[in-house]
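Dear colleague,

Please find the structure below, together with its sequence. My notes on charged and aromatic side chains follow it.

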Amino acid sequence: MTTRNPTRNPSSYYVTTPIYYVNDAPHLGHAYTTVAADVLARWHRGRGERVWFLTGTDEHGQKVLRTAEANGTTPGAWADRLVTESWQPLWEHLEIANDDFIRTTQKRHTDRVQEFVQDLYDKGEIYKGGYEGPYCVGCEEYKLPGELIDGEGEFAGRKLCPIHRKPVEILSEENYFFRLSEYGDRLLAHYAANPGFIQPESARNEVVNFVRGGLQDLSISRSTFDWGVPVPWDDKHVIYVWVDALLNYATAVGYNENREKFESTFPADVHLVGKDILRFHAVIWPAMLMAQGLPLPARVAANGWLMVGGEKMSKSNLTGIRPQDLTSHFGVDAYRWYFLRAIAFGQDGSFSWEDFSARYTSELANGYGNLASRVAAMVGKYFDGTLPGATADGAAERAVHEGLARAAAESDRRIGDELDFQGGILAVFDFIKQVNGYLTEQEPWQVAKDGSAEGRARLATILYTAAESLRAVAVLLAPVMPETSGKLWDSLGAEPSLGPLSDQRIQQAGDWGRLPAASTLTKGPALFPRLEEQPGVQIS
C-alpha cells in the first residue's frame, strides 16, 4: 500500500492532469488526458467522494520564451493570450469540470516553489556544480547520449531527441544540483512495496530499469535565460522548469499556505500523464517529496500517445488536430466517449475519422440513441407518456436485472479503481446491447395488439424494464457524456422523484426499480443525430 497522509479524509479523491506548456494551442493529445481526468473526477463525485480535480498551464522555461520571442511578444503576454483564448475556452467547451486551474506564473505558486527549493538547499540536498550535455528544449530536459537518435535528411550528422526528432543543443552551465542519485534505492524500494504506483505495467518496468541503471544528480537551475522562478539565494539562476512545474501539485492545494486544505487533499490519488513525461513524475517528483519528508502520490498513470500516420500527435510533428475540428461534426459528448472507448488507456492508439464515424453510427446512434428514442416513443404511444409499473416479471426480466447489476459493478471497478475507461464503457454498452436484444425478443409492438389484462400487464412490464434500464445507463454514462445523460434523465422524467442527475450515486445505479412508475416520459430530439457526410479533417 502506498504511504498516504494519515490526516487525509479517506473519502477524498485528488486527481491531476499534467500542466501543459503554453507554447501553442491544445490539440487532441492534451484533450485526451484531460477528458480522462474529468471522467475519473466525475466518477468519484458520483461515488459521493470529496473530489479535487486540478489542471493548469506550465508557463516558464526556454521553450515558452523562444515561442514568445518568435511571435514578437513577451513570454508573460504570450502565456496570458494562450490561456485565455485557447486553453481555458477549450476545457469549458469540452465540459471539463476542474476545481482549479493553476498557472505557474501565479504568485500563489512561485512563492511556494521558492520556499520548497530553499528548504532543500538548507538541508544540503542542493549543491552548486557544472554540467555539459545534450539538451532538448522541447522536452526541457538534458538527455543521455544513449537516448539520442541519428538525424537524417536535413539533420544528417546531428543527434536528435527521440521524442521531438529535432537536434539537441549542447549546453554547458554552472548550475545548482539536487542529489537525485542518492534516492535510487529508496525509489526502487517504493516501487517494490507499491506495485501499483506506476501504471501500466510496461511503463513501470521501463522506470524500474531506468532507476536500476543508476541516477545522476539533477540540474535544478538554469543561468542562460531569466524566464522562470528565481533561485531564492542566487538571482542569477532560475529554477529548472520541471522542478517548478511538478510542484504545482502541492502549491495548488495549499502547500506552506493553507495547512488544513493541504493535509486534507495532498498527496494525489492519481497523476494522469503522457508517457513521454512519466520519468519526471515517477522518479524526480517522488524523490523531491522524499527529500522534503512529504507523502507520495498513490499512483502515476501514463496514457499512450495518439498517433497520426505512425507519428505521435504534436504540433512539432505537424500532426496536431484541434478538438473543435471533431466536436463541430460529432458533438462534444461523442468526442469525450470516442477516445476513451476506442483506445485502451495506457496504450498507443491511432485516430481515424472513418473509425469515429463508424462507431458513432453503430454504437451511439443505432445502439444507445435508438434505444432511448423507441422506449420513449412506445411509452408515449401505448401509455400516453406515463410510465407503467412492472407486474409481470419473468425470466427475461430477471436476466436484464442481472445484466444491469453486472454492468454497474464492472464499470465501477474498471473506471473508478483500475482506470480502465474502455473496459468500463464497454460494460455499459454491452448492457445497452442486451436491452436492445430484450426488446427485439419481447416485441412490445406485437404484445400491444393483445388488449387483455394479461397483455397490458406484459406490455407494461416490458416498457418499464427498458425505461428503468435507461435510468441506470444515464447514471453510469454521466461522467463520460454529461450532456447526453442529462437529456436522457429529463426524457425519463426522473428528476421529480429521484432528484437531479448530479445527485445520483454510482453505487446505486445497479439497484433495480429506482425509477418510479407514473414518471412522465417525453420523446425529445435524437440523442445522437445522424451525421452529415463530411470529409476527414486536414492534419495541420
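A search of the whole structure finds 27 salt bridges, a salt bridge being a side-chain nitrogen of Lys or Arg within 4 Å of a carboxyl oxygen of Asp or Glu. Please note that this is a predicted model, in which local features need pLDDT of at least 70 and side-chain atom pairs count only at pLDDT 80 or more, while totals for chains, interfaces and linings use all residues. Residues are numbered from 1 along each chain as its sequence is written, and side-chain values use heavy atoms, with hydrogens and water left out.

One of the salt bridges joins Arg259 to Glu263, with the closest N and O atoms 3.0 Å apart. Both residues lie in helix H9 (residues 259-265), four residues apart, about one turn of the helix. Helices (H or I, at least four residues) and strands (E, at least two) are DSSP runs, numbered from the N terminus. Arg259 counts as exposed at 66% relative accessibility, whereas Glu263 is partly exposed at 26%. For these terms, buried means under 20% relative accessible area, exposed over 50%, and partly exposed in between (1.4 Å probe, protein chains only).

Helix H18 (residues 482-491) holds both Lys487 and Glu483, again four residues apart, about one turn of the helix. Their salt bridge has its closest N and O atoms 3.7 Å apart. Lys487 is partly exposed at 46% relative accessibility, and Glu483 is partly exposed at 41%.

The salt bridge between Lys275 and Asp348 has its closest N and O atoms 3.0 Å apart. This pair links distant parts of the chain, 73 residues apart: Lys275 is in the loop between strand S14 (270-274) and H10, and Asp348 is in the loop between H12 and strand S18 (349-350). Lys275 is partly exposed at 33%, as is Asp348 at 39%. The charged end of Lys275 also sits over the ring of Trp305, 4.6 Å from its centre; this requires NZ of Lys or CZ of Arg within 6 Å of the ring centre and within 35 degrees of the ring normal. Arg279 has its charged end over the ring of Phe210, 4.0 Å from the centre.

A network of salt bridges links Arg47, Glu49, Asp412 and Asp417.

Turning to the rings, the structure holds 29 aromatic pairs. Rings of Phe, Tyr and Trp (its six-membered ring) pair if their centres lie within 6.5 Å; planes under 30 degrees apart count as stacked, over 60 as edge-to-face and the rest as tilted. Tyr255 and Phe262 are edge-to-face because their planes are at 65 degrees, with ring centres 5.7 Å apart. Tyr255 is buried at 5% relative accessibility, and Phe262 is buried at 10%.

Phe339 and Phe356 are likewise edge-to-face, with centres 6.4 Å apart and planes at 75 degrees. Phe339 lies in helix H12 (residues 332-342) and Phe356 in helix H13 (residues 353-383), so the pair ties together parts 17 residues apart in sequence. Both Phe339 and Phe356 are buried.

With kind regards
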